[in-house]
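Reader: I am new to reading structures, and I would like to go through one slowly. Could we look at it together, one question at a time?

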Amino acid sequence: MSGQMRPLDGPALDIEQLIQDPRTRIIVCCGSGGVGKTTTAAALGLRAAENGRSVCVLTIDPARRLAQAMGLTVLDNTPRPVTGINTARGGSLSAMMLDMKRTFDEVVESHSDQARAQHILANPFYQALSSSFAGTQEYMAMEKLSQLRAQADRDGTWDLIIVDTPPSRSALDFLDAPERLSSFLDGKFIRILSAPARGAGKGIGRLVGAGVGLFAGVLNKVLGAQLLSDLGTFVAAIDTMFGGFRQRAVETYALLAAEGTAFVVVAAPERDALREASFFVDRLSADHMPLAGLVVNRMQNANADDLSADQARAAAERIEDEDAMVASLLTMHAMRLDEAARQRRLVARFSGAHPSVSLRGVPALAQDVHDLEGLREIGALLGQPT
Amino acid sequence: MVPDTDWPETLLHVVSGKGGTGKSTVAAALALSLAQSGRRVMLMEVEGRQGIAQMFDTPPLPHEERRIASAPNGGEVWALAVEPEEALLEYLELFYNLRRAGSVLRKMGAIEFVTTVAPGLRDVLLTGKAIELTRRKDKGISPAYDAVVLDAPPTGRITRFLNINTEIAGLAKVGPIRSQADSVMSVLRSKRTAIHLVTLLEEMPVQETLDGIAEIRDAALPIGSVIVNMRRPHVPHEQEIVELTDRKRISAGLAHAGLDKRKTIIAEALFIEAREHAARLDMESVERARIADTGLPVYDLPIISGGIDTAALYELAVLLNEQGLA
Ligand SMILES: Nc1ncnc2c1ncn2[C@@H]1O[C@H](COP(=O)(O)OP(=O)(O)O)[C@@H](O)[C@H]1O
Ligand SMILES: Nc1ncnc2c1ncn2[C@@H]1O[C@H](COP(=O)(O)OP(=O)(O)O)[C@@H](O)[C@H]1O
Ligand SMILES: [Mg+2]
Ligand SMILES: [Mg+2]
């Protein structure tokens, strides 16, 4: 087990209090790619469950071995119980991995009658949209969260839902995606494009003038006439759902902003990741989203930091000839201390710019986190009193 | 001048990898290293992040080719941060003389449509641009760029990205779009292109690399090499450290070094660090073996402590050169 971390400069993020508080109903783990969002989400879930809460973790992209360890092998887009956890305190843990396409299909099915739904699901344009619209994954993650929350409210299945977020181009995409998709589907452009197929005759040319008519011709060539006609059919079919989509986007946004939701921003102790974290924190605050704090994951941890880097180097030099191996260990120790100090400076800089954001450091384990034991260890490091 | 490289025929180096593994860094270092022998190299970025500007410490790049660095022997690195919107307008102009329609299209949300909803179309524009750069001739004679390095989308999207023109060719049976698609694919499928995947010696990035290689091979695209980035520095006497089982062995050394007073605590700490180091080496050798199984050439770049700045890029460039990637 890795040692405890010295607390970071700045107010401490009390994870234990956050996950124990029954008023915490949703935790969203966000941050840039590769920093440990999925790991943090899963570790928080396991810890909260072993502390007695009924938890559902919605993961997006767990590493293969971690997915296996959590029993995420049946991919049916519904949460499954995770086995191997300690239930002595009456808690439970379920987990699922998001299936983006399937979730989109569910949205369509729940907003229209069966015949119409079948029609939409078979539409090639829908198929392209549901698997490649920039932001679809973010939108579907939020959609799934709403579904899980509704289920939790209805059946009392879970009292805490923890969501991982997709590795977006911009870490903020998931806040914007629902709105973007619904405004796109509602948009003027798509209406005009689809006008002919919806029976408005030679609509495009008449509506917007010859220049654009020409453009439609170009699009026809570029995208293929078939795609445009599919698009028209799609828009016609999905027309009745627009209201529902929009309503849904508004509700999801409200759920994220509500009391009971907590955002945990995850970052690595690197310049770029902390810069992203800064954007993130600013954006959350601009949108009045409830920020719990920042987890700085995979920090270099130095044991025995009462032996300073300088002392270690000096000692190494003294025994270089008699004991080269121990000298090498001492040098390695010095390098770790240097790295740890560099990381702390970066975090301090973040904290200087965001003095009110609570912080929690988590040391880098020597190995990937790929089983429940690893998650438990990360959970303990997250939860440890500061 | 015959440059001494493993990739003498390659004009287009595509650099992909899992997000955060160092694609942009490696692409920039590769561009610099290709420029070493006096060549003129284009570094092209397509993800709209202005990563090049950050790394070379210049103001954000416009949608315009700019010289951003020079290398020994008159070599130059040029950069282009492609804006999909601009690329679309260029494309329309190229084929349909439609540039003036731009503002109308923008107002209607058409540009949004193309750049966010139809990622395929966006990819057509971006790959088309890259190929155009490899083909461009100065005054109709010598190539404008001796090589192009593409800081490409991540592994999960790279095959689709590069293969998009095959799909287009399937849609458009004749006409300018079809011939453009065919001509782009003819370069992308040839020895003139090499796809390099950047990875770390960790499970997830390596897994993504292996999956990516399988996909690229299935699509009959030219896989180039694997570039292991952020390799940890070699520690002297590593083997002995890995085999350490006895804390007393460390205490004895510490006593020699005059650290008598706290030697038990320090020995314990160093022992833990030795175990952690051994565990990491274990993991790294497992991952390295998985990479070796692909049979691809492997290049290595060390972690640069203190992070990446322009000087660090030159340092990495030299290492790539020595290993024969450029
Ligand atoms: N504290 C840690 N120590 C060691 N490895 C970690 C730690 N946190 C995450 N990892 C590893 O880092 C990799 C990326 O983590 P992941 O949670 O998938 O990131 P993200 O979801 O942000 O992309 C995984 O292989 C994971 O096991
Ligand atoms: N060899 C290296 N040594 C130290 N830091 C590196 C190295 N390669 C990349 N980095 C850093 O890692 C982070 C991610 O690198 P970047 O090139 O932006 O990755 P990508 O383009 O794949 O997302 C950046 O902060 C970069 O400076
Ligand atoms: Mg993840
Ligand atoms: Mg990049």
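Author: What follows is a set of questions and answers about this predicted model.

Reader: What percentage of the residues in chain B is buried?

Author: Chain B contains 13 helices and 10 strands. Among its contacts between residues at least 6 apart in sequence, 72% join residues at least 24 apart. Of the 326 residues in chain B, the buried ones make up 46%.

Reader: Between which chains does ligand 2 lie, and which element gives the most to the shell around it?

Author: Ligand 2 is placed between chains A and B. The elements that give two or more residues to its shell are α14 (271-286) of chain A, together with α1 (23-35) and β9 (223-231) of chain B. With 3 residues, the element that gives the most to this shell is α1(B).

Reader: Which residues come nearest to ligand 2, and how many residues of its shell are polar?

Author: There are 19 residues around ligand 2, and those that come nearest are Gly22(B), Lys23(B), Ser24(B), Thr25(B) and Ile308(B). Sorted by class, the shell has 5 nonpolar and 4 charged residues, while the number of polar residues is 10.

Reader: Why does Met230(B) count as partly exposed?

Author: Met230(B) lies in strand β9 of chain B, and it has a positive phi of about 55 degrees although it is not a glycine. A residue is buried if 20 or more other C-beta atoms lie within 10 Å of its own, and exposed if 12 or fewer do. Met230(B) falls in between and therefore counts as partly exposed, because its number of C-beta neighbours inside 10 Å is 18.

Reader: Where is His237(B) placed, and how many C-beta neighbours does it have inside 10 Å?

Author: His237(B) is found in the loop between β9 and α10 (238-243) of chain B. This residue is not a glycine, and yet its phi is positive, at about 60 degrees. His237(B) counts as partly exposed because its number of C-beta neighbours inside 10 Å is 16.

Notes. Residues numbered from 1 in each chain as written. Chains lettered and ligands numbered in written order. Predicted model: local features only at pLDDT ≥ 70, side-chain atom pairs only at ≥ 80, totals over all residues. Near = placed C-beta within 6 Å. Helix = DSSP H or I, 4+ residues; strand = E, 2+ residues; numbered from the N terminus. Nonpolar A, V, L, I, M, F, W, Y, C, P; charged D, E, K, R; others polar. Contact = placed C-beta atoms within 7 Å.
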